[in-house]
Amino acid sequence: MPKSHVIKVAVEPEDSTRARGEDASLLIEIDHQSWQQLDLAARGRGVSLSDYISELLRIAAEEDRLAVTDNVTISSPEDQRNFLEALEASPELTPAQRKLGAMMRSEL
Amino acid sequence: MTAVRFPTGYRLARLQRNHPRASFDCGSDRVNDWLRSKADQAQRKFLSATTVLLDSQEAIAGYYTLALGQVEFSELPPATTRKLPKSSLPIAKLAWLGVHRTHQKRGLSERLIAQAMLDCYQASQWLPFVAVIVDCLEESLKGLYARWDFADVPANPTRVFLSASQLMELGSSQ
């Protein structure tokens, strides 16, 4: 049977856990090869394996959140003006857009 | 208006945990990864909504993810601030869309886009936003939307948009 490792990783506690004054942690079981790679990477950063995995989890969660909620920024005044003018323009549809509309209305 | 027509054997559904996400392969690792490991979590956190297109075997033939967001303006011109109440405006986002390799070249992506726009149109009746912005991920994928004359978002090379007034026309014109 392949060797595996169990690592205890501190995570951000839920409100109920924090209210009880308790720490939150996850037990993560990983195979030996993954453990070696993570351990090497953690040593390279000069942090413990547990702290390294905790940071990876935090970054991954943040990336997930940002993947759908990141905002669109338009910085230059000229770009802003162009965008706002496009929003306010008369909504005359092109032939392609009329086809898209027909699909939306189940006509195609 | 109910739903876009898909070829016989396909049906739409809200993403569920028991859908076979692991076998989805559209050819893009990023688009696969979102569906396989992130879309369900984001949906359960109410950050986004993912609709899947299931084939007759209940495999995922395609999907799209919608979310809400904002367009932020920095250093808004004085002439503009007089017309707008805020320095940011609400938008709907078509954040992800993909069609499984074995279901490509059947016109499913254009129908998924149409269904996503229909969802946005229906949502906009109750939850207003100024535009639908599409995250194309790569400039090479913009062609899929340029075909429908989506306009470029200034200074955002991988994003295109339809204004809310265009969306209203799409949903109501004959």
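I started with the contact (heavy atoms within 4.5 Å): 34 residues of chain A and 61 residues of chain B take part. Before going on, I noted that this is a predicted model, where local features need pLDDT of at least 70, side-chain atom pairs count only at pLDDT 80 or more, and totals for chains, interfaces and linings use all residues. Residues are numbered from 1 along each chain as its sequence is written, chains are lettered from A and ligands numbered from 1 in the order in which they are written, and side-chain values use heavy atoms, leaving out hydrogens and water.

Next I looked up the buried area, meaning the accessible area (1.4 Å probe) that two parts lose on being put together, summed over both. Between chain A and chain B this is about 4,200 Å², and carbon and sulfur atoms give 60% of that.

How many residue pairs are in polar contact between chain A and chain B? I got 13, with both residues at pLDDT 80 or more. A polar contact is a pair of N or O atoms within 3.5 Å; within protein, one must be able to donate a hydrogen and the other to accept it, and residues adjacent in sequence count only if both atoms are side-chain atoms.

On the side of chain A that touches chain B, α3, β3, α4 and α5 of chain A each supply at least two residues. Helices (H or I, at least four residues) and strands (E, at least two) are DSSP runs, numbered from the N terminus. The largest share, eight residues, comes from α4(A).

I then checked the strands, which pair if DSSP finds at least two bridges between them. β3(A) and β3(B) run parallel over three bridges, and Thr73(A) sits opposite Glu72(B).

Last, salt bridges (a side-chain nitrogen of Lys or Arg within 4 Å of a carboxyl oxygen of Asp or Glu). One I looked up joins Glu58(B) and Arg11(B) at 2.7 Å, N to O.
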